[in-house]
Amino acid sequence: MHTISRVSRHTTFFDVLETLTKPGCVICTLVARTRWRYLDALAYENVNDYGLRVKLREARGFCNRHAWYFVETTREVFGAAIIYRDVLHTILHAAAAGDVNGLDPSGICPTCLVEWEAASNYLQVLAEALDEPDMGTAYEQSDGLCGPHLLSAMSLLRPLLRQKVLERTLAIWQRRGDDPARMRWQATGAEGNFSTDSMALAMPDPDAPATPLVVPNDQFTCPVCTASQALLAEPVTWASLADADGGLCNVHAWHADVRVLCSLFTRQITAIDKRASALAASTENRGWLRAAVRELTQAPVRNEPEPLPSRCVVCRRVGALEVAMAADPQLKPLCLPHLRRAITQRGVSALEAMKPIWRELDYLLGEYLRKEDYRFRGEPRGQEQKSPRWVVALISGAPGIR
Ligand SMILES: [Zn+2]
Ligand SMILES: [Zn+2]
Ligand SMILES: [Zn+2]
Ligand SMILES: [Zn+2]
């Protein structure tokens, strides 16, 4: 007996089928692979690609998550120096013209777009093929989707498919029980796959204590970033967690001690379950129509991940600290995210203080790039060697703060 396949069996289909045999969320694994390949190719071939450089200028560099992935995981410090010097020039031009809006991005991080597109494609293929015997069985034996990708599926798929994916995923979640490590990725996605909770940053925690100021020991490091990072290094064990209704974003879930946070993840998974069921039953739809348009036009579509129903408690604390510190006119230099906040709170004087710091950094970057040239390799190395990391932190923020 043979079945006639409704689903065309192409590379994406087999990618999904094969990845389902691995532990964790299948979409998270495939998105992580897409990110690695995209940034690796960018490092080797495309740093000088004109169109891509324009996009990176418009986005004012990579987002925080992808900036540090490019520097620390792809290990492309030289490429980062080229890209961020370009962005620095754009910002210096805007500042010279007194154009405060020129500090803001006019485009999206290109790596985020690539990830969103990949997640949408893989989710679509998985859902369409769930009735195929091999895909159906493989999914049932897998770890299922993580919460964030379940929510994306509920917004992205057409109504008939949503129910199918929801039921099968919840059945897997039930069977798999509540191992703490599993609950973490189930609540927030695999490590590094999503950014911090921008909605939580917009509503700072009113009970956040004033954190002592940690002073950075160089002239190019943002003190607000340094203080935020010190806050992230503290274990998340506040009493207020017990009765709050917050959760954790992907970034901060992977900073924290997983054993302490089990009750937080349980709460978060329950909230996701509820939200996913509501989305599955809802006629309102954002992602689904966009996906349908993409099928017809083949144009790339910007399907941002669905926001998690629980606001990140750490992001809210960091947000409160940022608001308090950005009001202080003595603090400099400020990274771009914190400079924007300072300008909102106390006007363009914050921008003036940054101009000489950016120009100095531009000079150091020029020296760094010059000394990478084989003709000057013999010259002694100095503090310009730190300039690529300084510029990435000063434009995209220190690791983990966004
Ligand atoms: Zn996932
Ligand atoms: Zn990004
Ligand atoms: Zn900062
Ligand atoms: Zn967070």
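User: What geometry does the site of the zinc ion (ligand 2) have?

Analyst: Look at the angles among the donor atoms. Four donors count as tetrahedral if all angles lie between 85 and 135 degrees. In this predicted model, the four donor atoms of the zinc ion (ligand 2) make angles of 99 to 117 degrees, so the site is tetrahedral.

User: Which protein atoms are the donors of that zinc ion (ligand 2)?

Analyst: They are Cys63 (SG), His66 (ND1), Cys109 (SG) and Cys112 (SG), at 2.1 to 2.3 Å from the ion. Along the chain, these donors follow the spacing C-x2-H-x42-C-x2-C. His66 sits in helix H4 (residues 64–73) and Cys112 in helix H6 (residues 110–128); this pair, 46 residues apart, links distant parts of the chain.

User: Are His66 and Cys112 buried or exposed?

Analyst: Buried means under 20% relative accessible area. Both His66 and Cys112 are buried.

User: Which residues coordinate the zinc ion (ligand 1)?

Analyst: Cys25 (SG), Cys28 (SG), Cys146 (SG) and His149 (ND1) do so, at 2.0 to 2.3 Å. The angles among these four donor atoms run from 101 to 114 degrees, and the site is tetrahedral. Their spacing along the chain is C-x2-C-x117-C-x2-H. Cys25 lies in the loop between helix H1 (11–19) and helix H2 (26–46), while His149 is in helix H8 (residues 147–156), so the pair ties together parts 124 residues apart in sequence. Cys25 is buried at 3% relative accessible area, and His149 is buried at 2%.

User: How many disulfides are found in the whole structure?

Analyst: A disulfide needs two cysteine sulfur atoms within 2.5 Å. The search of the whole structure finds zero.

Key. Residues numbered from 1 in each chain as written. Chains lettered and ligands numbered in written order. Predicted model: local features only at pLDDT ≥ 70, side-chain atom pairs only at ≥ 80, totals over all residues. Heavy atoms only, no water. Donors = N, O, S within 2.8 Å, 3.2 Å for Na, K, Ca; no water. Tetrahedral: all angles 85-135°; square planar, octahedral: opposite > 155°, others 65-115°. Helix = DSSP H or I, 4+ residues; strand = E, 2+ residues; numbered from the N terminus. Buried < 20%, exposed > 50% of the residue type's maximum accessible area, 1.4 Å probe, protein only.
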